[in-house]
Amino acid sequence: MGINGDHRNSRMVNMGTVFRRLAWLQWNRFSRSISFGRNLAVDLILALLGAMALAGAVAAGWLLIHLLGKIAPSADPFALICGAVWAWFPAELAVRMFFQQPATLQVRPLLLLPFRRGVLVHYVLALSLLSFVSLFLLAFLISLGASLVQQGHSALHVAGWCAGLLFTSLALGQLALLAGRSTGLLAVLLALMAAVAGLHAFGSIDVPALSRQAFLSLYAKPWRGMVPLAVGLLLYQRNYNAMRNNLWPGESAPWQPAAVASGAMAWADRFGRAAPYIRMDLRMIWRNKRPRSTLFLSFIFLLYGLLVRDPGDSKQWFMLVFCSLFMTGFMVMNFGQYMPAWDSACYSLLMTCPRSFHDYLRSKVLMLRAGVVVMAVLSIPYALYDHHWALPLLVFCLYNLGITVPMVLFFGALNTSRIDLGRSAFGNWQGVNAGRFLLVLLIIAPSMLLAFLVKARWSVSASYATIACLGIAGLLAQQVLVRWIGSTYAARKYKTLAGFNQR
Amino acid sequence: MIQVKQLSKHYGNKVALNLPELTLPDGQCVGLVGNNGAGKTTFFNLLLDLVRATTGTINSFGQAVHLSEDWKLHTGAYLDERFLIDYLTPEEYFSFLAELRGQSTADLDALLNGLGPFFAGEVLGTRKYLRDLSKGNMKKAGVAGALIGAPKLVVLDEPFANLDPSSQLGLKAILKQLALRKEVTILISSHDLAHVTEVCERILVLERGELKKDLRTSPETLKELEALFTTAAKA
């Protein structure tokens, strides 16, 4: 590609050495970060999940042909696979756009070192190729390919076919990186997908048939795998150029932030001594990436209710109440578990201000209650669609208001990991530890168990009544609870400060 | 009045601060000097009850800071950027503090008007969040925040660092004026010996957690301090 092609100046450090040193830097950045090793449990769970997913991919690849043979004995299983490959394109694109963050380098201290700037870009792009998605696909394809060969397909053609698919995936990865930077390209891609979907719906084209045709011909003429490879290289070149042009950090400085609007939020005055904290919290949410994306994630979980096919069916009752609890309570659990860590950057200031923890917590309680109500209101369409939803949503809304909110705040007091507000919540494990998982379990399990036991012994109505009564009791006891939680916060003040001060 | 009794702070085996006895009378303007690791910031953190003492107590406004929280009503402090709320504009930050410290909008406006020359038009009305200000302007906002609410004790860690020359002069003028009124106890740390001797009437020299010198400022103090730190550098 001629990037490093200028070898006249041999004193420049070569690419291999730079890559090795950069990898060393990256590893130290990871292994010396404050969160490393501290949440060993989370790391283990993640590693286990990763290993399971990988094993699952290998197993799926091996068994796919056999399964298809059982499901549709008359059809050619390989043709079926080729016909379904299309569905994987938008899925991979979406997964990569959401979860794959381009690797970042702290580039400024490296720019003065004697190697070409382009090497840095190659390094970042190479890292993006090594994403988990690619690994997953590679495992799946190798195992699928092996099973195809075992079924009597030509090894050479299968290898070409698999390579073509892998190249397509890599090209999609490059496309996702490009689209992540350019809203215009993203809009074009979405429009293209909508157009294809529309044409398919009107019967002008048949997407599965086209997919079958294309990928069967890839098998017949494996050299066609060069096409996605060429496209991938072209996109790589585009990414490379775009990123290399951004490698002059000095040019954008002094960075001029856009003028910001600032409302007085006078309506918050009605909350008395909690008002300044409420204003602070709302501004915190609107103006920082991490709380915003955490909140956004909560809305996605509203779709959980779609899992319940028939809410009136008593076999699905458990799923119904679980979804009711989860949908009305997810925002509280997801967002509230990071209280007070959301304020970790200015906790010192708050600790020297003449206000009690009670005022501080009251604003948090109000915010979290608002979260429950908003989620409950947004779940109303379920109740309109099927009236069986109405009662469980209502009683679990009460339960979340009365019990989950103080519970989340209490467990928040035990949380001493700092959170940087500026980074997205997607794929960000900062501040996440085993306690977080435990918290969600502690909130969900007892209420579910109680609801289930009361229903099993008496009736569904008794179960709802119990949950609702618990919620109302929690609401009535709120003053006492918040005071008690406040004393926990006060007792843990120094520990919390020490934790928040660690970067 | 601030009274220190048998105060010490250990981190593991390391003694960060050890002050058997110290009294700062009301209205005094006190400067803390010392090389890195001398214990200045540890002392401030203890005074503001942000870390717990290993032994001993600090009394501020008549009560131990870790037992009563009443000192918060009369104390303004700016130690570092953790005292800023970086996603607020300076105006929002000031009114947040004014609200918590029970100040009216009029009080706040009067104070900010007085600080106008110090801000030099770079803090108020810029329509930027605090995180987008330069280091110097962040410090100005933080120092101003510490003055909100008519505090009787003002604690500033390295207030002159990062400030441009005009702002350093402006800050000195503000602190001197505050010290003149003899109602406010001022406690500042600084690596700039000239500034601190000019502003403060009393200088405490800390070295590796111990109080090494307790000087009443006189025309000779600056020379004396320079001599002290020169020998320390040679040692």
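Tutor: Across the interface of chain A and chain B, in what is a predicted model, the rule finds four salt bridges.

Student: What makes the pair of Asp49(B) and Lys493(A) a salt bridge?
Tutor: The closest N and O atoms of Asp49(B) and Lys493(A) are 2.8 Å apart, and the rule asks for a Lys or Arg side-chain nitrogen within 4 Å of an Asp or Glu carboxyl oxygen, so the pair meets the criterion.

Student: Which helices of chain A each supply at least two residues of the side that touches chain B?
Tutor: They are helix H12 (275–287), helix H15 (347–351) and helix H22 (493–501) of chain A, and H12(A) gives the most, with eight residues. By class, that side of chain A has 22 nonpolar, seven polar and seven charged residues.

Student: How many residues does the contact take from each chain, and how much area is buried between them?
Tutor: The contact takes 36 residues from chain A and 29 residues from chain B, while the two chains bury about 3,100 Å² between them, 58% of it on carbon and sulfur atoms. The rule also finds twelve residue pairs in polar contact across the interface, both residues of each pair being at pLDDT 80 or more.

Student: Why is Lys493(A) called buried?
Tutor: Lys493(A) has a relative accessible area of 6%, and buried means under 20%, so the label applies to Lys493(A). This residue is found in helix H22 of chain A and, leaving aside residues up to four places away in sequence, Lys493(A) touches Met351(A) and Asp49(B).

Student: How do you know that Glu69(B) and Lys72(B) form a salt bridge, and is each of the two buried or partly exposed?
Tutor: Their side chains meet at 2.5 Å, N to O, and the cut-off is 4 Å, so the pair qualifies. Glu69(B), with a relative accessible area of 45%, is partly exposed, whereas Lys72(B), at 4% relative accessibility, counts as buried.

Student: Why is Arg82(B) called partly exposed rather than buried?
Tutor: The relative accessible area of Arg82(B) is 22%; buried requires a value under 20% and exposed one over 50%, so Arg82(B) falls in between. Its salt-bridge partner Asp80(B), with 3.2 Å from N to O, is partly exposed at 24%.

Student: How many salt bridges does the structure hold over all chains, and which residues are linked in a network?
Tutor: The structure holds 17 salt bridges over all chains, and Asp281(A), Asp343(A) and Lys364(A) are linked in a network of salt bridges.

Student: What can be said of chain A as a whole?
Tutor: Its secondary structure comes to 22 helices and zero strands, and 43% of its 503 residues count as buried.

Definitions and conventions:
Residues numbered from 1 in each chain as written. Chains lettered and ligands numbered in written order. Predicted model: local features only at pLDDT ≥ 70, side-chain atom pairs only at ≥ 80, totals over all residues. Heavy atoms only, no water. Helix = DSSP H or I, 4+ residues; strand = E, 2+ residues; numbered from the N terminus. Buried < 20%, exposed > 50% of the residue type's maximum accessible area, 1.4 Å probe, protein only. Contact = heavy atoms within 4.5 Å. Buried area = accessible area lost by both parts, 1.4 Å probe. Polar contact = N/O pair within 3.5 Å; in protein donor to acceptor, adjacent residues only side chain to side chain. Nonpolar A, V, L, I, M, F, W, Y, C, P; charged D, E, K, R; others polar.
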